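Please read them with the model open beside you.

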Amino acid sequence: MKRKILFVTLAAAMLVTSMTACNNTGNGTDTSVGTSTGTAAGTTADTEAETAIPRYDYMDAEVAPDVTIDRADYTNLTLTVPDSLKVGDEDVRDYIENIRFQYRTAVNGSAMVKDQPLAMGDDAYIYYKGFVNGEEFEGGSNWDDKAPYTLGLGSGKFIPGFEEGLVGIVPNTTSKTQPAEITVTFPEDYAEELAGKEAVFQVVIEYAVQYKLADYNREFVEKTLKYEPKKEFYASDAALLSEFEEYVMEYLTKQMQANLDNAKNAALWEHLTGVAECKNLPDTEVAYYFDVYKSELDYYYNYYSSYGGAEFKTQYPTVDSFAVVYFGFAKDADWKAELTKMAEQMVHRDMILHAIAETEDMESVTQEEFDAQVQYWVDYYSSYYGTMTKEDVIKNMGEEFLRESAFAEKMNAWLMKQVTFTYKDGTPVVSTTDNTAETETVEG
């Protein structure tokens, strides 16, 4: 199914919440952020009149006077996305190494080995703590845990360089008074406070359980991975492996497309919200988006409370303590104030879209565009809940939301066409010609 480039979180939250209120079924939501309009989370057409926050009718209002943005600010743009979204030979090698890790075999059963150097494929039982500029950073340590963390070397669970940095270290040469040190650099697209920064990790290896990576050869590719060669005869095994690696490159490129689309959308909106100034934000719209986020928060707090039991409630005794973690705010943040800022950002986006549409004479939605939007959500939610009709979607999401969502998608697609995207190193971004096809994993 085609991944929508923009704005599904709030729609998902609305429909999921209203449906789960009836069906008591939990479901995750997309984490994209964008423009949406409709009934408030947790309402249906039957209760909307009683519970929905009044909406501001952008289509019937003149928005452009309240938005300062020049046409040059949204046409003929060049924007960048992280280099990490490029797929290259190194990514192919890493992927194949990860497959080899998945098919590894134990060397000595579950024997705890302390006197031999670590190798790729081994499970290392470690304690670690990380420092940036000499300061220990939040979330980078298990130093005080009762049990070590189990890290498979080659699993790709830690940032690049960490697992490789453990190779060759003998466990019994490390201790909390004499830990090993590994220097790594966080990826550019990591969390903002750590992105691109060098970090030093102190590591203690309690012991290892040894494994042997699967051999990478023709037999492994054809018999284990079930790869079907394109030709009947190859001059050498290396020729077949080269063909397989080209296939992996194509596969990874298709898999990266959704991430690339998200990054392009994020770059576009970071630019637009940075250059545009909005005034006279409709209070009802800020309240609406705050309510949607809050309803989503309440739903997941209750959901995790039900399934996490006493352990979850001990860690997060109130929704306030959970909110900071759920939305990724700083520990001491006023989460309601931060949520209000998020709601205001959503209103900014709505206003920018409508202001541009008014200028470009595009502020309308055809019946075909509306029907396509309804069908998207029919397909999307039918995949989770079984058969769902167009009438179900319209009832749960509301015609107003669906029409505004169709408008937002049309405008976002138009804006995307105004942008040339490059990677940070200056090379142009080339999207795959068809990112709608379902792709099987290389492992089969």
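1. Helices and strands in this note are DSSP runs numbered from the N terminus (H or I with at least four residues for helices, E with at least two for strands), and the expected span of a helix is 1.5 Å times one less than its number of residues. H9 is followed by Asp 361, whose phi is positive, near 55°.

2. The model is predicted, so that local features need pLDDT of at least 70 and side-chain atom pairs count only at pLDDT 80 or more, whereas totals for chains, interfaces and linings use all residues. Residues are numbered from 1 along each chain as its sequence is written, and side-chain values use heavy atoms, with hydrogens and water left out.

3. Helix H6 (residues 237-275) has 39 residues and reaches 55 Å between its first and last C-alpha, close to the 57 Å expected at 1.5 Å a residue. H6 also has a kink of about 35°, centred on Gln 257, where the bend at a residue is the angle between axes fitted to the seven residues ending there and the seven starting there.

4. The axes of H9 (residues 335-360) and H12 (residues 399-416) come within 11 Å and cross at roughly 70°; axes are lines fitted to C-alpha atoms, for helices over the stretch in contact, and angles run from 0 to 180 degrees between N-to-C directions. That makes H9 roughly perpendicular to H12, the term covering 65 to 115 degrees, while angles under 35 count as roughly parallel, over 145 as roughly antiparallel and the rest as oblique. On the H9 side, Leu 353, His 354, Ile 356, Ala 357 and Glu 360 meet residues of H12 including Phe 407, Met 411 and Trp 414, contact meaning heavy atoms within 4.5 Å.

5. With H6, the axis of H12 comes within 11 Å and the crossing is at roughly 90°, and the two helices are therefore roughly perpendicular to each other. Here Lys 264, Asn 265, Leu 268, Trp 269 and Leu 272 in H6 meet Asn 412, Leu 415 and Met 416 in H12.

6. A search of the whole structure finds eleven salt bridges, each a side-chain nitrogen of Lys or Arg within 4 Å of a carboxyl oxygen of Asp or Glu. One of them joins Lys 86 to Asp 425, with the closest N and O atoms 2.3 Å apart. Lys 86 lies in the loop between strand E2 (77-81) and helix H3 (89-102) and Asp 425 in the segment after strand E11 (419-423), so the pair ties together parts that are 339 residues apart in sequence.
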